[in-house]
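User: I would like to learn how to read a model like this one, feature by feature. Could you walk me through it?

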Amino acid sequence: MFLHQASIVLGVTGGIAAYKAADLASKLVQAGATVDVVMTEAATRFVGPLTFQALTGRPVHIDPFRLLERTEMPHLSLAQRAHLLVIAPATANTLAKLAHGLADNLLCAVALATRAPLVLAPAMDTDMWEHPATRENLEVLRRRGAWIVGPGEGRLASGRIGRGRMAEVNEILGTIRLVLGRDGPLAGKRVLVTAGGTQEPLDPVRYLGNRSSGKMGYALAQAALDRGATVTLVTAPTALPAPVGAERVEVRTAGEMRDAVLAAVPECDILVMAAAVADFRPAEVVGQKIKKEAAGLTLRLERTPDILAEVAVERERGGRPGLVIGFAAETEDLLRHARAKLEAKRLDLIVANDVSSPDSGFGVDTNRVILLDRHGLEQALPLLPKEEVAGRIWDWVETRLGAQEP
Ligand code: PMT
């Protein structure tokens with residue numbers, strides 16, 4: 001299930017990290033989820049319920065005895081409605097109650113009554129986190145199938161530095177997406193995505209590179225996780241955090257990317273080469289920083305390995321990956337060049353990427369592409385956020401996988 005289709009119950013318990021739960025509520029709502037917030041009494045001392053009500057546009061639930069005023073029982077209706085229950089922050093006290101099945105407040109009653117997956121983001125001081133009681137409670141909850149995210153290390157409310165900080169909101173959000181997507185249409189499929197622009201060293205401080213930000217490749221990796229795939233992301237340097245749940249393999253040069261891709265390909269079902277791989281690299285890497293005394297400088301370049309061409313050879317030998325998707329970044333004659341690459345690199349799909357306009361291609365958040373496949377498909381998409389372009393590419397994959405099934 002996608003986040004924008006999901007009904008999420010967000011439990012907030014009484015810790016200083018409760019203020020970060022407001023950001024989580026806001027991001028969940030922005031992603032299109034329906035969010036019902038349940039607060040413990042202690043949580044209301046840290047953040048006002050009105051904050052959550054304003055962010056979610058829905059009433060906030062606190063008192064289990066509200067059922068006396070209404071016909072429905074809030075703990076049961078919330079428990080049944082939820083596709084996922086996330087408790088952030090989860091205090092040591094609440095973890096203990098959950099581990100022992102107590103239901104002395106509305107949140108614990110919901111947790112006991114729901115069959116929805118449970119995501120816990122513990123937050124507490126290091127001593128409480130390290131206490132054997134907390135460790136054992138957490139182990140019980142983990143064994144029962146709860147997903148634990150964090151805590152991280154850093155500065156705590158007490159001023160100490162240690163483990164106990166609630167995980168970052170994006171990490172919690174990523175875990176929620178992972179859990180919701182785990183039975184999706186790509187469940188059981190192993191996907192390899194490449195992203196970013198390779199850097200070819202010239203001397204110890206300089207390199208030849210390109211303007212790829214990695215946004216397209218990371219969006220593809222996240223969208224595959226949302227659909228339940230197991231994802232390996234081979235990435236050239238970028239400023240982006242890895243999507244939660246993806247195995248990230250960091251590389252720098254075209255040669256390193258080639259090695260990482262060829263090592264992973266025998267285990268993968270689908271390869272998407274979204275990376276902007278350098279076609280040429282300096283023939284010699286100078287050992288010391290190049291000085292500027294000379295009036296000019298001539299660089300001799302040599303070809304880098306063509307990764308997709310090598311994958312095609314491997315594929316003919318071993319049959320994997322089942323589907324290979326490439327991109328064609330072009331500034332002119334888009335369709336002709338893309339079709340030639342589809343053929344030459346023996347791809348199943350090529351994403352013809354018009355990089356001539358400022359709102360499409362390298363660095364920006366949007367892309368304008370045409371999908372061309374080896375069965376004659378030619379689907380021009382409008383300018384779309386890269387997340388949506390990624391979704392359309394995985395839609396194509398799902399259709400192809402469906403067509404391949406006996
Ligand atoms: O990262 P962003 O800022 O979000 O930008 C996205 C993007 C523009 C980088 C991306 O959408 C894109 O178009 N990627 C491919 C860029 C590119 O290198 O295109 P190409 O036409 O040069 O290469 C064709 C295909 O061969 C690509 O799939 C490429 O990954 C692959 N290739 C290229 C060179 C090489 N030595 N080996 C390869 O396998």
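**Reading the model**

Analyst: Happy to. P89 is part of strand β3, which covers residues 84–90. Keep in mind that this is a predicted model.

User: What kind of peptide bond joins A88 and P89?

Analyst: For a peptide bond, look at omega. The bond between A88 and P89 is cis, with omega at about 0 degrees. G150 and P151 are also joined by a cis peptide bond, again with omega of about 0 degrees. P151 lies in a loop, the one between β5 and β6 (152–155).

User: Which residue has a positive phi although it is not a glycine?

Analyst: That is D333, with phi at about 45 degrees. To place D333, go to the loop between β16 and α13 (334–344).

User: Now the sheet. In what order do the 5 strands of the open sheet run?

Analyst: The general idea is that strands of a sheet pair through backbone hydrogen bonds, in either a parallel or an antiparallel way. Here the order is β2-β1-β3-β4-β5, with parallel pairing. β2 (34–39) and β5 (147–148) are the edge strands, each pairing on one side only.

User: How many bridges link β1 and β2?

Analyst: There are 6 bridges between β2 and strand β1 (residues 7–12), and the two pair in the parallel sense.

User: Where do polar side-chain atoms of S212 and K341 lie relative to oxygen atoms of the ligand?

Analyst: For such contacts, check the distance between the two atoms. In S212, a polar side-chain atom is 2.6 Å from a ligand oxygen. For K341, the distance from a polar side-chain atom to an oxygen atom of the ligand is 2.4 Å. The side chain of N353 has an N or O atom 2.6 Å from an oxygen atom of the ligand. As for burial, the ligand taken alone exposes 770 Å², and the protein buries 96% of that.

Conventions. Residues are numbered from 1 along each chain as its sequence is written. This is a predicted model: local features need pLDDT of at least 70, side-chain atom pairs count only at pLDDT 80 or more; totals for chains, interfaces and linings use all residues. Side-chain values use heavy atoms; hydrogens and water are left out. A polar contact is a pair of N or O atoms within 3.5 Å; within protein, one must be able to donate a hydrogen and the other to accept it, and residues adjacent in sequence count only if both atoms are side-chain atoms. Accessible areas come from the Shrake-Rupley method with a 1.4 Å probe; for residues, only the protein chains shown count as cover. Two strands pair if DSSP finds at least two bridges between them. Helices (H or I, at least four residues) and strands (E, at least two) are DSSP runs, numbered from the N terminus.
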